[in-house]
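Here is a friendly set of notes to read with the model open beside you. Take the points in order, and find each residue on screen as you go.

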Amino acid sequence: MPIRVAVPIPRLEPLTYDLPAGLSVMCGMRVLVPVGSRTLAGTVVDTDATGVDGMKPILEVLDETPTFSEEMLELTRKVADYYMAGWGEVLSAALPSWQRPSSTIRIHRLRAVSSTELSEMKRRAPRRAALLEVIDDVRGDVSLSYLQKRLRTSSVSDQLHALVRDGFITLITRAAVPPTRRTVRSVCVAEGYRSDESALRELFDLLDRRAPKQSLALATIWMVTGGSARPVAITEVLQRSGVSASVVDSLIERGAVELSHEAVDLSQAEATRADETMLDMTPAQQAALERIIKGLNERRFDPILLHGVTGSGKTLVYQHALRHIIDEGAAAIVLVPEISLTPQLGDRFVSAFGDRVAILHSRLTDAERLHQLDRISKGDVSVVIGPRSAIFCSIPRLRLIVVDEEHEPSYKQDDPSPRYHGRDVAMMRAKINSCPIVLGSATPSFETIQNVRLGRFAVAEIPTRADGATSPAIRVVDMRRNHKLKTVYGSFSHDAIDAIAARIRDGMGTIIFLNRRGFSSELQCRDCGHTPHCPNCDVSLTFHQVPSSLRCHYCGYATQLVKSCVECGSVDVAELGSGTQRVEAELQEALQERCGLTARIARVDADTTSRRGMLRTTLKAFEKGDLDVLVGTQMIAKGLDISRVTLVVVVNADQSLHMSDFRASERTYQLLTQVAGRAGRAASLHGEVIVQTSTPEHPVIGVVSDGERLHGMVTEWIDAEMSVRAEVGYPPFTRFIVIEVSSMDLEHAERHAAILGALLPQSTAYHSRSTVVTPAVGRVRNHYRRVIVVRNDKSQDPSGQKVRSLLRSVLDTYYAKYASSDVRVSIDIDASGSL
């Protein structure tokens, strides 16, 4: 019986396979299929297909029931169509790693090569000899990707097969091993003794005489379980009774207790505060909730912008809306832009809804993710919280989707495919489910603002802070003037240092914001001007003081710090720019020298939070008052609700303001407004924000300093920005589509980009394209990059269907006539502003 299977390969339509007799499948089930020389896991998408000549049989059915529901198949099909990705790619992205098993090729050395053989090979086949030398350098088996990286080429297959033919190596195919559910050995009193009191007494009498330790253990089990069938972990029994494991094993052998293996609760969220849904709502919050419930009751697709100033209590509105659907036996998905937001938000939701909450994100172990997905599939979960990938969670009875901080650029996945936007995929899913979607933000994206103005989205406003709290006072510090007056210490003005010192003396919390990790952005020799660069990317290496190293933030390359210049040997090497490590050190020195204080400072960035649990530990310590100051990147700029924070210092507001990105002003406004909103969230504590800048006259700085009090000023600035974008053809009036051509060979990248440029018309009524350009970082991970930017006019092509058809036609021609295995072509629909 012919079936169609979507496999995770770019641009590939579902393939037709033969279903052998005796096997049965349903749409949404995963199967193992041969694809060329590889074995891949694919998803059945059609069980009534037309057979084709030469179709291969599937190898194995991986599921007993469908992994993907009809709803998820429809969603992934729409995502694949809009973002021009393979359907199998999207389906694969929606699965945890162990559910997309695929064969991986590794190279295993069979015999050593003699010096004579190697010399002869270097003369006859130098590329093959170089490949063999790389394999010799590594102990054990070598991955194909490692060879490609070391040799800086993706064309190694011919040389590998020649080495296989000559008996030097063999190729091994291995499949990933799925995780198992973590269980713990547990016991309860055997059913015969639970139901027969006299038999239980006789057993205790016997054990008291002959095995008193067993009697103690049995009594402990009876008391902990309350004489019920509810099992208790053996480790807890041992801890309470003080006996050894062999004593409990003897009770099991005797038949006095029953052994079971209970699943371990791997949930990470904790109920650390009171249930916030018991708090009174403001009239604006109540009105917003009623608008959401209206959409829930009407059971229709209903996009709503929840526009509330920072600290206005948008989360409380979410919680009441979630309470409404939980009471009706339904479920919801809550998206957050950063993993860093999940601990605090997760704890707040667990405090309200208990174990009906599940948290999904990429830092979960396979066992933890399996535990959460198992709970969701059993219907034990009503609320799923997570970053953009959580939108693909197969939760039954979905009635509401919330996208918190909907303006955040981290909702956009730039690489790998599918390059989707979490907010927009959430819109697709809400439409499929005919349910409301709430987009929450104090600083909505221009795309959302435009949709509100066109009447496509409803809007609910919360114009003031909750609980009587007032907006923080914002003070702009002109760093040009401070430098002239020499009233600066490192990155800080004296005004900022004095304000921080005052908060430390009062026991209040301070947040220091700088959106760059590391110690300094680069090192430069003052004698010859040399700056260390990444060998794999066209970027300078960032200096990290702890540990002392130079690192690339694009590919992860790291090398030990050499204190002298590698070009001229000079030791006069300057540290240019500032990162969070440097700011932390400068602040400690400034407070000691100027104010005589030693502060308790913690840093929150990707370096310090890479260890499991560190972020939660740091935030808890700060909230309890065990830390005075948090220094961090955008990880602390949004979502944090800590009442003791009364001061926020923005170290350098110009950092994002002058980037080569048409969204620079918009994103700076959003980022600064969000980080300023961390201050003064309690009604009894007034907040202050110090914004350090060298361009205080910039309109964005004025909007940030007065925006929440002078709403008209924000509207006026947004209108001006929108007018400029409409005039030059920028989003939200157009969609940007970036065609990227990359190769380890620069000449190949340029030639193939030129071919695509020639195939793509210069313009039509609904699109225009740029010439082939080099992005700001022209080489990443040893791949040279060239791009073509296509502007798609939304007024002429609202859904983008016309331009996608054009691009598919161009790509079909390119792959039929010009494609090369050395060159990768990717399409990014709704690309971000910077290249």
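1. **A salt bridge between neighbours.** Start with D166 and R165, whose side chains meet in a salt bridge at 3.3 Å, N to O. The term salt bridge stands for a side-chain nitrogen of Lys or Arg within 4 Å of a carboxyl oxygen of Asp or Glu. D166 is partly exposed, with a relative accessible area of 33%, whereas R165 is exposed at 60%. Here buried means under 20% relative accessible area, exposed means over 50%, and partly exposed lies in between, using a 1.4 Å probe and protein chains only.

2. **What you are looking at.** This is a predicted model, in which local features need pLDDT of at least 70, side-chain atom pairs count only at pLDDT 80 or more, and totals for chains, interfaces and linings use all residues. Residues are numbered from 1 along each chain as its sequence is written, and side-chain values use heavy atoms, with hydrogens and water left out.

3. Which residue forms a salt bridge with R453? The partner is D719, and the closest N and O atoms are 2.8 Å apart. R453 belongs to helix α17 (residues 446-453) and D719 to helix α25 (residues 711-728), so this pair ties together parts that are 266 residues apart in sequence. Helices (H or I, at least four residues) and strands (E, at least two) are DSSP runs, numbered from the N terminus. R453 is partly exposed at 43% relative accessible area, and D719 is partly exposed at 36%. Elsewhere, salt bridges with shared partners join R291, K294, E298, R300 and D302 into one network.

4. A search of the whole structure finds 52 salt bridges. One of them links the side chains of E13 and R77, at 4.0 Å from N to O. E13 sits in the loop between β1 (2-6) and β2 (15-18), while R77 is in helix α1 (residues 70-82), so the pair ties together parts that are 64 residues apart in sequence. E13 counts as partly exposed at 47% relative accessibility, and R77 is partly exposed too, at 30%.

5. **The five-stranded sheet.** β1 and β2 also belong to an open sheet of five strands, in the order β2-β1-β4-β3-β5, with antiparallel pairing. Two strands pair if DSSP finds at least two bridges between them. β2 and β5 (60-61) stand at the edges with a single partner strand each, so one side of each has no neighbour in the sheet. As background, strands of a sheet pair through backbone hydrogen bonds, either parallel or antiparallel.

6. **Following the pairings.** Four bridges link β1 and β2 in the antiparallel sense, and I3 stands opposite Y17 in β2. β1 also pairs with strand β4 (residues 38-46), antiparallel, over three bridges; here the partner of A6 is T43. Strand β3 (residues 30-35) and β4 run antiparallel and are joined by six bridges, with V31 partnered by G42. β3 and β4 form a hairpin with two residues between them, and G36 in the turn has a positive phi of about 65 degrees.

7. **A three-stranded sheet.** Now find the open sheet with the order β10-β9-β11, where the pairing is antiparallel. Its edge strands are β10 (232-233) and β11 (257-263), each pairing on one side only. Strand β9 (residues 183-189) is joined to β11 by seven bridges, and R185 stands opposite H261 in β11.

8. Helix α27 (residues 801-817) has 17 residues and reaches 25 Å from its first C-alpha to its last, close to the 24 Å expected at 1.5 Å a residue; the expected span is 1.5 Å times one less than the number of residues. Where do the buried residues of α27 fall, seen down its axis? They fall within an arc of 160 degrees, so they line one face of the helix; the arc is that of the directions from the helix axis to the C-beta atoms. Among them are V803, L806, L807 and Y814. The face turned away from the buried side carries the exposed residues A816 and K817. The cover over the buried residues includes α1, α26 (746-759) and β35, where contact means heavy atoms within 4.5 Å.
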